[in-house]
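Subject: Structure for you to look at

Hi,

Please read them with the model open.

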Amino acid sequence: MLKLELRPQASEFWRYASPVLALLITVALGIGLFVLLGKDPLRGLQMFFWEPVKSAYALGELMVKATPLLVIALGLAVCFRSNVWNIGAEGQFVIGAVAAGGVALLADKETGRWIVVVVVLAGVAGGMFWAGITAWLRDQFHANEILVSLMLVYVADMVLGYLVYGPWKDPAGYNFPQTKTFEAVTQIPRLMSGSRVSVGLILALTGVAAVWVFLFRTRSGFAQQVGGLAPSAARYAGFSSRKALWLALLTSGGAAGLAGALEVAGPIGQLTPYIPSGYGFAAIIVAYVGRLHPIGIVFSAILMSMFYIGGELAQSRMGLPKSITGVFQGLLLFSLLACDTLMAYRLRWQSGRA
Amino acid sequence: MESYALLIAATLNAGTVLAIAALGLLINEKVGVVNLGAEGMMLCSAIAGFAAVVHTGSDLLGFLAGMGAGALLGAIFGVMVIYLGTNQYATGLALSLFGVGFSAFVGISYVQEKLPPRLQFEIPFLADIPLLGAAFFKQHPLVYGVIAFAMALIWFFYKTRTGLVLRSVGESPESAHALGYSVRRIRFLAVMVGGALCGLSGAYISVVYTPLWVEGMVAGKGWIALALTTFATWRPARILLGAYLFGGVTMLQFHLQGLGVQVPSQFLSALPYLATIVVLAMISRNPVWIRVNMPASLGKPFHPSS
């Protein structure tokens, strides 16, 4: 029978091969699902892996969706490496969007272009504030950050709902629950005409470099990770676990808030009840599939973006529910976790009973 | 007065949803396994139970379908964290994310479906008592069932040998292993039972509590049930108490709206989540107390050869 045997050292090969194998397993399961539903699996694969990359415009759209995922996942990578389990990035994203939207609503015809900077910073601050609540409750009361950050996602949705149904509702909006469309000056600048790719992508890629330098080239980045891997070693070295906790949550909250600002002042352009998009949850998968490494996360963010676009196309062209994206996202994370077993263990055939 | 009787009745009903799931999660955690996938398991079971009732017309089959779906997902989770040694938090999270997507995917054709007329339950004679009858004796059988189950669980954990073995697996898997108990098999079975109970809770939501199917209808109850196990410091009776407390908070919003209290409805809807945060912070304030009560191996994998 098959038996798992502990490796003396974690396998370097499987560290990189496991996400690839996980993707292959997910694709295989996906093909099975298409066949089961009586859909042409080749056409299904085409929606997910060819349509999103087949033209310059499609590639642009791929980047538009990958940007928020990349930004949030970068923050989560820092957070998870510190062994802090912030799973409420979705809520921080929403509050970031609300804060950014609040500033954008203050702009009028005379406002200068500088307002964009304030909009973005407000988003970051909003996300940091929301994550800060979790950090404070964990720091002062030892409340479990998983549950608190998750509960705050629901609260964030209510805050957004209250504002767009109440005080911030557009008076000229035929009673629709939405704010007025933001002034053009608040719009995140686009990189080129004919594509929706914005400066956000540049910010995200700068973030990749920044997180890489922080994690692998600075003392505080090192301290952050030691605290995650070996708390007692970190204590012995004099690294503060409280500082690590705050830094982890504020970084990931700020990143999620930034993503919220980029979305609401970018492709969306107003606050609606549909701001919560699930990006905050999908980014958890992005962070994991990217091995919590900034470069890896670039690839996984693009992959997850393909899942989103593929899901939308599968809905419009093949009559499949859009939620197929969520199914594939979940399957991918499941397969990855299972494949990661191969990093620490080796599979051995053993005859008879051991 | 009549409205207070209805408020109590609704509180018991809402508390039952949380209690069934939280008792299942308690069984998991007593053997040292945290399953963050509760929300996903409950959603999948909710649609499984709902679909079963739509097709067969039998509530009982609906509950069984929900339990089956929950046990199956629990088994997948169990194989991964117990036999493959994956991280419990990450795997549970994967289960929740998968469950949200999968239930929405499967459930899309059931959104408009209606269930056969719901039965009204009442206990003969007792139900006719003014006020008390409406408050306590016109409930679904599971409302009483969960109380009996919690009592049975107390007896099982603290008065039987098997219960003792279960607790020892959670407190010190090494000792249980040395005594010749198969730690991994016991954990696996407990995880499946926990999954089945989360499944029952999910099916109760879509078949009895709000008899319809809407995407994401569990609305965080799985997470609240997870918080309840900490709140109850891993004691079955306190879980029951906590579940009714949270059930009451959930129902209070409708009651306050009915009374015409001038508060934004979103604030009232956020109450159960805010209450969970506040209670969690209050309970966790004393880390020593939590550590004394928490199963010692909670969240830690066990490999027999190590």
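Predicted model: local features only at pLDDT ≥ 70, side-chain atom pairs only at ≥ 80, totals over all residues.

Is A:Trp246 buried or exposed, or something in between? A:Trp246 has 18 other C-beta atoms within 10 Å. Buried would need 20 or more, and exposed 12 or fewer. A:Trp246 is therefore partly exposed.

This tryptophan lies in helix H10 of chain A. Leaving aside residues up to four places away in sequence, A:Trp246 touches A:Ala135 and A:Asp139. A:Ala135 is 111 residues from A:Trp246 in sequence, yet the two are 5.8 Å apart in space, C-alpha to C-alpha.

Next, helix H7 of chain A, residues 199–217. Its 19 residues reach 26 Å from first C-alpha to last, close to the 27 Å expected at 1.5 Å a residue. A:Gly200, A:Ala204 and A:Val211 are buried in H7(A). Those three cover an arc of only 45° around the axis, so they sit on the same side of H7(A). The other side of H7(A) has the exposed residues A:Thr206, A:Ala209, A:Val213, A:Phe216 and A:Arg217. What do the buried residues of H7(A) pack against? Three helices of chain A: H3 (56–81), H10 (241–268) and H12 (294–318).

Now the interface. 37 residues of chain A are in contact with 37 residues of chain B. On the chain A side, the elements giving two or more residues are helices H5 (115–141), H6 (145–165), H11 (279–289) and H13 (324–344). H13(A) gives the largest share, 13 residues. By class, this side of chain A has 26 nonpolar, 10 polar and 1 charged residues.

Last, a helix pair in chain B. H6(B), residues 141–159, and H7(B), residues 161–171, pack at an angle of about 75°, with their axes 5 Å apart. The two are therefore roughly perpendicular to each other. H6(B) brings B:Phe156, B:Phe157, B:Tyr158 and B:Lys159 to the contact, and H7(B) brings B:Gly163, B:Leu166 and B:Arg167. These residues divide into 4 nonpolar, 1 polar and 2 charged.

Best wishes

Terms used. Residues numbered from 1 in each chain as written. Chains lettered and ligands numbered in written order. Helix = DSSP H or I, 4+ residues; strand = E, 2+ residues; numbered from the N terminus. Expected span 1.5 Å × (residues − 1). Arc of directions from axis to C-beta. Contact = placed C-beta atoms within 7 Å. Nonpolar A, V, L, I, M, F, W, Y, C, P; charged D, E, K, R; others polar. Axes fitted to C-alpha atoms, helices over the stretch in contact; angles between N-to-C directions. Parallel < 35°, antiparallel > 145°, perpendicular 65-115°, else oblique.
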